[in-house]
Amino acid sequence: MPLKTRAARVGSMDVNRMAPVELRVFALFAAAAAAGQPITIREVAGLAGPNGRTIGSRSALTIAGDLVDSGLLALSPPLAAVGLDGPIEVSVAGRGAVESVAKPVLPRPLAPTMPELREPTAPPDSVRGPRPTPEPRVSKEARRPREPKGARDGEQIGLKRFGVLTVPPGLPAPLLAELTAIVEGFRAHQASGAADLTVVAELTKRKAAALTVWADAPYPLGTGLVRAEAERARRAYETTLQQLAQQRGIPWESARPDAEPGGHWAVSGLGEPVRGALTYIGRTAPGTAPVARLLALVCLLRGVGSGTANLTGPDLRGVCGKDAESAVGELTASGWLAVDAEELLATEEDPVGCGVPGAAGFSLGKLPRTRSSGWVARVIGHKKLRKQPAQVRLAALGITAHSDASGDARAELDFLAGLTATDAEGVAAAAEVLVAEGWLTEAVVEDGVLRAQLATDHLIFVDALRTNTPVQTLQAAAKAAASAAEAGAG
């Protein structure tokens, strides 16, 4: 800003005619004065401007200088003698505005009378004598040995900055050592070139704890800016835990610091929408026969979003077997499905669009419906299950969808009974069939919960849920890996 323009602004500064950002700066100084607390220029620089960004230290110094020059504020020590982080005592003038008063023009002092200069005269040769031999010049280092540099009074040794924060002198030694260790940890992780969310989570957790201790220190060590950075670190820690849980295929709740140790956490990813569909079928209970509920599940996953499930006669017979006609009739009679049963049973190649009024209000979220529908089709079409009754295939779906990454499954009996259209005894009988067929290695009912262990050969269905990958893709990859291993061994 030109000097004349700035002088005019300072002379006519009034709180009633200030710009919004100037009012904010003045209000911050006034609040500090009312509280009797010092303030720093860096804190003033953190105020938000009209564009939403901070005004910065340059604007903070300029506005503060204008307020001082106008007489609205008095700062001690002066701005010229304090840095960005030096504490400033503030006092506010008792009037709201200062009239423009012309400064008195003082007479310029006259230049002092200079003594008369004369040309130097050389002494006679008889007085001059012989010229002395000059001594060899000695450097400053030779004259005065250099002393090792030490810390000046109040100067911080070691860590100077921690992110956007300036490390002030006076922090406790343990806290300063922890901050230094955190910085070195982040640098080492970055230099390794391999992203490890476990390391990032631990470092971020330590960062949040250290900044909280720093923020709890009395002013001027602990400030609002440090408190805000501690909160940001805490949110970053939670975000890292969520990413870590997603990477491991486990629910976010299981990765929380306060998660119950030893708890059972079914796989996330595709597992969540599949479990949601199974729960929806068990809760709404479409039809009374297990085969009707199995058909309802298939139509739900195929028709979600569009409201229409495309089916052919072979699709229908593959799901329902010889009970296809009765299953379609039961769902259409209840209004859960809208289709001409005879047309659907007669078609062989051209799919028939089946209206699914029963799917109204159900959503799979952001995941594509084809992944969930394909997973269900792969399970019920497995060679160990395809010829089993509908209640056994539904039980296999419910138990597998509630497994963790190791195949340990826990499902409520009430949920499985509603899904399979049976009772607790029927669920236990279906679990025994699954154990006999080799889908499960064991199944036990305790306190209303079915606990089971999925066979190792079928953990690929759990991996498909965990990684949101089609089962056939994982099967092809496993087959290729086995072929490569055999070729290497040969």
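The model is predicted, so local features need pLDDT of at least 70 and side-chain atom pairs count only at pLDDT 80 or more, while totals for chains, interfaces and linings use all residues. Residues are numbered from 1 along each chain as its sequence is written, and side-chain values use heavy atoms, with hydrogens and water left out.

Me: How many helices and strands does the chain have?
Reply: Helices (H or I, at least four residues) and strands (E, at least two) are DSSP runs, numbered from the N terminus. The totals are 21 helices and nine strands.

Me: What share of the 490 residues is buried?
Reply: Buried means under 20% relative accessible area (1.4 Å probe, protein chains only). Of the 490 residues, the buried share is 36%.

Me: Which residue of β2 is the bridge partner of Ala74?
Reply: β1 spans residues 73-76, with Leu73 and Leu75 on its covered face and Ala74 and Ser76 on the uncovered one. Two strands pair if DSSP finds at least two bridges between them. β1 runs antiparallel to β2 (residues 89-92), joined by four bridges. In β2, the partner of Ala74 is Ser91.

How values were computed
Buried means under 20% relative accessible area, exposed over 50%, partly exposed in between (1.4 Å probe, protein chains only).
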